[in-house]
Amino acid sequence: MGNDDKHLANILKQLKSGAVLVKRKIDGKKYSRRFFLSEHEDFITYQKKKRHIFGRPHIYNINDIDEVRSGFRAQTFGQLLKNGRIKSTDENRALSIMYNNHRNELHLMANNTQTRDLWAEGIKHLIDRHAQKHQGHLIREENYFRSADTDKSNSLSKRECRRLLSNTLNVEMPDNIFEQLFQKADVSREGLLTQEEFVSFFQLLTQRKDLYEIMQEHTTNGSTQSIEKIHMNINELLTFFQTVQNQKIIKHTKTDGGGENKITWEYIETADQVQKLIDEFELNKELREKGLLGLDGFRNMLLSSNFDIANPIYTRQIYQNMTRPLCDYYINTSHNTYLFYGQLSGESNPEAYNRALLTGCRAVELDCYDGSDGQPIVTHGFTLVKPCSFESIIRYMEPNLFKTSPYPVILNIENHCSLTQQGEMARILKEILGDQLVSKETVNTQLKTLPSPEDLKYKVVVRVSLSLFFILNKKKKYFRLY
């Protein structure tokens with residue numbers, strides 16, 4: 001185990017031991033709880049108070065967590081600070097966990113910076129590790145089984161199994177097919193599935209007959225091997241890669257002097273390369289040790305990014321010419337970005353912008369109106385949608401602007417503000433975005449041609465009516481994005 005692995009293992013051990021963290025609510029209420037990581041490292045929860053006899057602690061599943069933020073980088077902490085419920089010096093103890101597709105938030109205050117940083121690093125590691133798991137690993141290791149086992153019998157009844165399939169895994173099937181697969185997986189014939197039997201059930205459910213036929217074609221005596229027992233050895237796989245797939249795999253990535261990731265790849269030509277693939281994708285330990293790949297491992301392998309139908313070098317880095325004018329490109333755009341729910345009710349939410357940015361959007365929309373306190377707000381006009389402040393959106397989206405791409409973010413501002421509050425919008429944009437904001441002439445000085453994505457790397461472009469533009473620019477030379 002390397003030093004990094006030991007360091008992370010130690011962090012997870014400390015998270016399992018737990019720490020007292022204070023939950024903070026936007027209304028000022030606070031609750032001191034001892035939070036801890038589950039033994040299986042698949043969720044975070046807390047010890048409930050003894051007086052809460054009927055209450056159940058909330059479980060925060062790792063696979064539901066979208067983002068972890070240190071400091072006051074969430075609207076709740078901003079409001080608490082504004083109302084005097086917390087002090088600016090508390091920022092080095094603050095931690096926010098965004099989950100359920102950024103729809104829900106958990107805001108915590110640790111006793112000290114060291115504890116806060118420990119939890120932030122540990123949770124981020126768990127999120128990254130979860131993202132790298134294959135479907136087979138998730139079914140085996142995640143808490144699907146434990147959450148479905150409502151009576152804590154360490155087994156699933158037919159009813160519990162059906163509920164798990166439909167509610168969690170989004171799987172619907174006819175009753176006769178379910179009964180057939182359940183009976184086949186129920187080795188004990190007790191009408192219940194243990195965790196291992198449920199894994200077998202899921203494997204039966206997800207068997208790929210098309211892949212079975214491919215394996216039969218490229219395996220010695222394949223026609224005599226059943227779908228459950230079929231496997232390919234190293235030599236058979238090597239021949240398959242060379243004669244059928246013409247397969248290349250990622251060798252490694254490196255960073256050149258300019259900070260760009262470069263990908264190199266190689267053909268599969270040796271038995272050692274094949275064994276590494278078997279070790280990575282075959283979940284059956286006995287098959288792995290014998291250098292064999294079963295049907296489930298074959299499926300896992302073909303579904304991995306190395307085996308994408310598109311060449312990996314074209315799916316993992318920008319290879320197109322990015323020096324053309326901005327209008328020559330399709331731009332991933334979000335409409336009414338501030339809405340999480342319906343068009344007529346609900347609330348505007350800064351986290352909706354983070355969700356859009358982290359899924360790849362490069363253009364987001366803000367419908368801006370005058371706020372009653374002299375500060376601009378964002379809302380869906382003439383509806384029951386509750387507004388949020390323009391400043392909170394810009395402030396809380398700023399850290400995520402370029403996490404998924406270095407290319408420009410466009411703020412499409414539908415401007416309904418008075419000149420006074422437009423001045424506030426300009427101040428907020430300049431103050432928070434700083435040099436990231438395009439507020440002067442760009443590299444391309446030809447007024448009839450837009451700058452390119454390459455010219456605008458790590459820049460924010462405001463697309464807005466001219467009045468706000470002149471407040472931002474205070475010049476007559478400009479380029480327009482409309």
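Seven strands, written here as 7 strands in the order β4-β3-β2-β1-β7-β6-β5, make up an open sheet with antiparallel pairing. At its edges stand β4 (60-61) and β5 (65-70), each of which pairs on one side only. Please keep in mind that this is a predicted model. A second open sheet has 5 strands, and the structure also holds 11 aromatic pairs. Here is a friendly tour, topic by topic.

**The antiparallel sheet**

- Strand β1 (residues 19-24) pairs with strand β2 (residues 30-37) through 6 bridges, in the antiparallel sense.
- Within that pairing, A19 has F35 of β2 standing opposite.
- The hairpin formed by β1 and β2 has 5 residues between the strands, and in its turn G28 shows a positive phi of about 100°.
- On to the next neighbour: β2 is joined to strand β3 (residues 43-46) by 3 bridges, and these strands run antiparallel.
- Two bridge partners can be named here: L37 goes with I44 of β3, and F36 goes with T45 of β3.
- The hairpin of β2 and β3 also has 5 residues between its strands, and there E41 takes a positive phi near 60°.
- Helix α2 (residues 75-82) packs on this sheet, where α2 touches β1, β6 (94-99) and β7 (104-109).
- The direction of α2 makes about 50° with that of β7.

**The mixed sheet**

- The order of the 5 strands in this open sheet is β14-β13-β12-β15-β16, and the pairing is mixed.
- Which strands stand at the edges of this sheet? They are β14 (388-389) and β16 (460-463); each has a single partner strand, so one side of each is left without a neighbour in the sheet.
- Strand β15 (residues 409-415) runs parallel to β16, and 4 bridges join the two.
- Across that pairing, V409 has V460 of β16 standing opposite.

- How many residues of α15 are buried? The count is 7 of the 8, so the helix is largely enclosed by the rest of the structure.
- Those buried residues are E351, A352, Y353, N354, R355, A356 and L357.
- Just after α15 comes G360, with a positive phi of about 110°.

**The annotated EF-hand region**

- An unreviewed UniProt entry carries the annotation "domain: EF-hand" for residues 173-208.
- Over residues 173-208 the chain is 61% helix and 0% strand, with the end C-alpha atoms 16 Å apart.

**Aromatic pairs**

- As a reminder, a pair of aromatic rings is described by the distance of the centres and the angle of the planes.
- Among the 11 aromatic pairs of the structure, F178 and F201 form one that is edge-to-face, at 5.8 Å centre to centre and 70° between the planes.
- This pair links distant parts of the chain: F178 lies in helix α7 (residues 175-185) and F201 in helix α8 (residues 195-205), 23 residues apart.
- Both F178 and F201 are buried.
- The rings of F241 and F307 have centres 5.9 Å apart and planes at 45°, so this pair is tilted.
- F241 belongs to helix α10 (residues 234-245), while F307 sits in the loop between α13 (295-302) and α14 (312-315), so the pair ties together parts that are 66 residues apart in sequence.
- F241 counts as buried, because its relative accessibility is 1%.
- F307 is buried too, with a relative accessible area of 9%.
- Ring pairs also link F178, F182, F198 and F201 into a cluster.

**A buried serine in a loop**

- S155 is found in the loop between α5 (144-148) and α6 (158-168).
- Is S155 buried or exposed? At 8% relative accessibility, S155 falls under the 20% limit and therefore counts as buried.
- The side chains of S155 and S153 make a polar contact, at 3.1 Å.
- Neighbours within four places in sequence aside, S155 is in contact with F145, D149, E160, L192, L193 and T194.

Conventions. Residues numbered from 1 in each chain as written. Predicted model: local features only at pLDDT ≥ 70, side-chain atom pairs only at ≥ 80, totals over all residues. Heavy atoms only, no water. UniProt positions renumbered as here; feature names shortened; annotations may be inferred. Pairing = 2+ DSSP bridges. Buried < 20%, exposed > 50% of the residue type's maximum accessible area, 1.4 Å probe, protein only. Polar contact = N/O pair within 3.5 Å; in protein donor to acceptor, adjacent residues only side chain to side chain. Contact = heavy atoms within 4.5 Å. Phe/Tyr/Trp six-rings, centres within 6.5 Å; stacked < 30°, edge-to-face > 60°. Axes fitted to C-alpha atoms, helices over the stretch in contact; angles between N-to-C directions.
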